[in-house]
Amino acid sequence: LYPNPASDHVNISIDVNGAMSAIVYDPTGRMVASSSSLEQTSSFNRKSGVINTSKLSSGLYSYSVIDKEGNALRAGKFNIIK
């Protein structure tokens, strides 16, 4: 995930074949943004997407990359600074 800290958007890139989408959660665990689909970017199973964070307040957020069944494949945190 980059840039971190972010302001207007974050890019997510993952080397997991089953990755379908990414979800961003605020500190209370509420879903506040998502990337509805991650697109294949190379022949090496890399998928990526962009999440708009321009309407989110400054603070610490978490994210999960999920597969088509809704299972979390990867998770992490990032900061937004305005």
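A: P5 lies in the segment before β1. Strands, like helices, are DSSP runs numbered from the N terminus; a strand (E) needs at least two residues, a helix (H or I) at least four. The model is a predicted one, in which local features need pLDDT of at least 70 and side-chain atom pairs count only at pLDDT 80 or more, while totals for chains, interfaces and linings use all residues. Residues are numbered from 1 along each chain as its sequence is written, and side-chain values use heavy atoms, with hydrogens and water left out.

The bond from N4 to P5 is a cis peptide bond, with omega about 10°. P3 also sits in the segment before β1. Y2 and P3 are joined by a cis peptide bond too, and its omega is about -5°. As a general rule, most peptide bonds are trans.

L1 belongs to the segment before β1 as well. Its relative accessibility is 29%, so L1 counts as partly exposed. The cut-offs, with a 1.4 Å probe and protein chains only, are these: buried is under 20% relative accessible area, exposed is over 50%, and partly exposed is in between. What does L1 touch, leaving aside neighbours within four places in sequence? L1 is in contact with V10, N11, I12, Y63 and F78. Contact means heavy atoms within 4.5 Å. L1 and F78 stand 77 residues apart in sequence, yet their C-alpha atoms are 8.0 Å apart in space.

Now follow L1's partner N11. N11 is in strand β1. At 15% relative accessibility, N11 is buried. Beyond residues up to four places away in sequence, N11 touches L1, Y2 and P3, and also G49 and V50.

In soluble globular proteins, nonpolar side chains tend to be buried together.

With neighbours within four places in sequence set aside, V24 is in contact with R30, M31, V32, A33, I51, Y61, S62, Y63 and F78. Strand β2 also holds S21. S21 counts as buried because its relative accessibility is 12%. Not counting residues up to four places away in sequence, S21 touches S35, S36, S37, L38, S64, V65 and I66.

Step back to the whole chain. The protein chain has 0 helices and 7 strands. Its radius of gyration is 12 Å, close to the 12 Å that the globule rule gives for 82 residues, so the chain is as compact as a globular protein of that length. That radius is taken over C-alpha atoms, and the rule is 2.2 Å times the number of residues to the power 0.38. The C-alpha atoms fill a box of roughly 35 × 25 × 15 Å along the principal axes. Of the 82 residues, 33% count as buried. Among contacts with a separation of 6 or more, 56% join residues 24 or more positions apart.
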